[in-house]
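Here is a walk through a two-chain model, written for reading alongside the coordinates. Keep the viewer open as you go.

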Amino acid sequence: MTDSKLRNTCESTNMDFLNNLTIKKFHEGLASKQFSAFEITKAFFDYIKKNDSQINAYLRLTKDLALSQANKIDVELAEGKDLKILAGAPLAIKDNILIEGEPATAASKILENYRASYDATVIKKLKEAGAIFLGKTNMDEFAMGSSTENSAFKITRNPIDLERVPGGSSGGSAAAVSADMALAALGSDTGGSIRQPAGFCGVIGLKPTYGAISRYGLIAMASSLDQVGPITKTVEDAAILFKEISGRDELDATSVNFQYNDDELLNPKLENIRKLRIGIPKEYFIEGLDKNVSEAIEETIKLLKSLKIEFKEISLPHTKYALSCYYIIMPAEVSANLARFDGIRYSRATSEKRKATTLKEIYFKTRGEGFGEEVKRRIILGTFVLSAGYYDAYYSKAQKVRKLIKEDFDRAFKEVDVILTPVSPTSAFKIGEKTDDPLQMYLSDIFTIPVNLAGLPAISIPTTNNQRLTTKDGRKLPVGFQLIGKPFREADVLGIGQYYEKLQAV
Amino acid sequence: MSKLSKQTLEYLAELARLELKEKKEEKLIKNLQEILAYFEELKEADTENVEPLAGGTVEKNIFRNDDETFVGRRTSPVFLRGQFPEEENGYLKIPPVFE
């Protein structure tokens with residue numbers, strides 16, 4: 001593309017152009033030399049500059065890194081090297097994932113001065129695949145929250161309605177993709193932190209099976225629950241990214257050596273999809289589920305039935321205990337994982353540091369000043385449920401309930417292959433609506449939490465949303481549906497999702 | 001299950017090495033009590049003879065040889081030292097551990 005042609009692309013049709021760009025389309029355009037990686041990367045930065053002051057999806061841009069990465073791809077392309085599917089693709093990365101040499105704050109004051117000393121395994125894999133990193137995205141501090149309002153640095157707004165939250169904790173990543181400020185993004189999901197913001201922002205979010213993707217270089221929140229995953233514009237893109245970043249890693253002992261069938265992930269066959277049976281768990285259609293959400297789910301079921309997929313009502317009887325179970329286990333792990341942030345390792349951030357003279361004082365002051373309210377609340381709660389005298393009543397009890405929840409899924413998966421539920425009980429709520437009431441905030445993850453407790457893969461996909469709640473300027477508020485798969489059967493949820501997408505395109 | 005007192009909160013904060021702001025303690029106690037009250041529902045779940053589940057998908061141990069093979073990513077010592085809060089002769093400097 002010549003300079004003047006690019007200028008046309010970037011100025012007059014920039015919006016439409018980036019708007020319609022997916023990983024797949026970008027790859028085709030780059031391969032057929034319609035544009036260079038440098039031009040598109042530059043266009044993304046221009047677009048971010050113009051739009052992100054309203055949305056605040058990014059904490060920081062990594063412009064130098066991105067443009068040099070893009071240049072390298074263009075040189076390779078000119079030399080006639082094979083173009084990998086992610087080569088030159090500009091992505092956004094959640095700020096709890098380490099990129100060597102770049103700050104990684106997890107949106108916490110305590111890590112304000114920290115710079116990553118190595119690449120997370122997912123970043124290493126993406127670099128090898130030729131992907132480009134536009135910047136690090138905003139999130140709830142240490143991924144603790146459901147609205148991105150717990151960031152120590154700024155509040156991200158939902159691009160569909162600026163008065164509403166983008167969801168969380170990967171709210172910045174979801175907002176960036178939704179507002180076309182990145183081709184796709186990485187997030188992390190401990191109790192719904194990829195799927196819920198994807199649902200609120202009208203994009204795709206995949207939480208892979210526990211063990212499918214290495215967490216080496218992900219700032220740990222709750223290690224028995226955390227997973228990294230993609231946030232994308234299409235299900236097909238989610239499959240592409242998942243394929244690139246999954247796999248066993250010696251540096252994460254919980255990662256599993258599982259051989260995925262690439263063709264099944266990327267090119268699912270309708271005849272196989274039709275053989276899948278989908279379960280509808282009655283426990284997910286509860287009081288408190290918004291009417292617009294339940295209607296959207298009904299429509300989705302109708303659409304999927306047109307593919308001749310069989311549906312069956314199932315029961316997951318221990319679902320109602322999942323929230324309590326999660327809010328005991330997760331804080332317990334948080335209190336242990338966050339002990340490492342002590343003002344000595346990972347740099348020191350507080351203004352009090354010079355006044356502290358003993359080691360203990362450094363710990364108390366750094367952590368007291370460096371952690372936000374929600375993080376402190378969870379550390380205290382986790383310390384409580386693990387403390388002598390309460391361990392059995394809370395932590396041990398929760399682990400047993402976790403077993404019951406997992407057994408519910410095991411039983412259900414004898415009858416069905418995939419489970420369909422809403423992603424959240426409501427669509428995106430207003431900024432400030434739930435900040436004073438942590439319990440209400442926790443309840444917004446009620447449908448996504450059981451999946452993490454059981455270690456399953458699940459995807460959040462926007463429903464067709466044929467009109468229900470609209471914003472002031474008439475845009476529709478997205479409603480997501482969730483497909484939950486058997487362990488290591490990402491292919492099932494991605495496959496149904498890809499055919500669902502084709503139905504919508506008609 | 002029990003209520004959380006101001007005394008318990010301060011003890012937990014001590015264990016967790018957290019300095020709490022006096023004026024925020026009351027709200028924190030209120031929040032925590034509401035959350036603990038919510039957990040009461042777990043009492044009714046029958047967990048007799050249920051084994052606790054710690055998590056994971058493949059419930060087996062993964063071993064590696066206990067040798068010196070370095071598998072982590074190497075980082076420049078200069079870069080790491082640059083992040084020390086205080087340094088002396090290339091070492092991380094901290095106040096005495098034992099007072």
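How many of the residues of helix 7 (residues 171–178) of chain A are buried? The count is 8 of 8, so to speak a mostly covered helix. "Buried" here means that 20 or more other C-beta atoms lie within 10 Å of a residue's own; 12 or fewer makes it exposed, anything in between partly exposed, and C-beta atoms are placed from the backbone. Helices (H or I, at least four residues) and strands (E, at least two) are DSSP runs, numbered from the N terminus.

Some housekeeping: this is a predicted model, where local features need pLDDT of at least 70, side-chain atom pairs count only at pLDDT 80 or more, and totals for chains, interfaces and linings use all residues. Residues are numbered from 1 along each chain as its sequence is written, while chains are lettered from A and ligands numbered from 1 in the order in which they are written.

**Around helix 7**

The buried residues of helix 7 of chain A include Gly171(A), Ser173(A), Ala176(A) and Ser178(A). Take Ala176(A): leaving aside neighbours within four places in sequence, its contacts are Ala57(A), Tyr58(A), Ala92(A), Thr137(A), Met181(A), Ala182(A) and Ala185(A). Two residues are in contact if their C-beta atoms, placed from the backbone, lie within 7 Å. After helix 7 of chain A comes Asp180(A), with a positive phi near 60°.

The loop between strand 3 (132–137) and helix 7 of chain A holds Ser169(A), which is joined to Gly168(A) by a cis peptide bond with omega about 10°. Ala143(A) sits in the loop between strand 3 and helix 7 of chain A. Most residues other than glycine have a negative phi, and most peptide bonds are trans.

| Residue | Phi | Other C-beta atoms within 10 Å |
|---|---|---|
| Ala107(A) | about 55° | 32 |
| Ala143(A) | near 70° | 29 |

Ala107(A) belongs to the loop between strand 2 (90–94) and helix 6 (121–128) of chain A.

Chain A has 19 helices and 11 strands. With a radius of gyration of 22 Å, close to the 23 Å from the globule rule for 506 residues, chain A is as compact as a globular protein of that length. That radius is taken over C-alpha atoms, and the rule is 2.2 Å times the number of residues to the power 0.38. Buried residues make up 60% of the 506 residues in chain A.

Which residues touch the most other members of the largest nonpolar core? Among its 171 residues, that list includes Leu91(A), Ala176(A), Cys325(A) and Val418(A). Such a core is a set of buried Ala, Val, Leu, Ile, Met, Phe, Trp, Tyr and Cys residues joined through C-beta atoms within 7 Å. Helix 13 of chain A gives this core its largest share, 10 residues. Both domains of chain A give residues to the core, so it lies between them.

Helix 13 of chain A has 14 of its 16 residues buried. From first C-alpha to last, helix 13 reaches 22 Å, close to the 22 Å expected at 1.5 Å a residue, the expected span being 1.5 Å times one less than the number of residues.

**Chain B and the interface**

Chain B has 3 helices and 2 strands, in the order α-α-α-β-β along the sequence. Its radius of gyration is 23 Å, whereas a compact globule of 99 residues would have one near 13 Å. Buried residues make up 14% of the 99 residues in chain B.

Where the chains meet, 57 residues of chain A are in contact with 44 residues of chain B. Helix 13 (322–337) and helix 16 (392–415) are among the chain A helices that each supply at least two residues to that side, and helix 16 gives the most, with 12 residues.

How values were computed
Domains from an automatic or database assignment.
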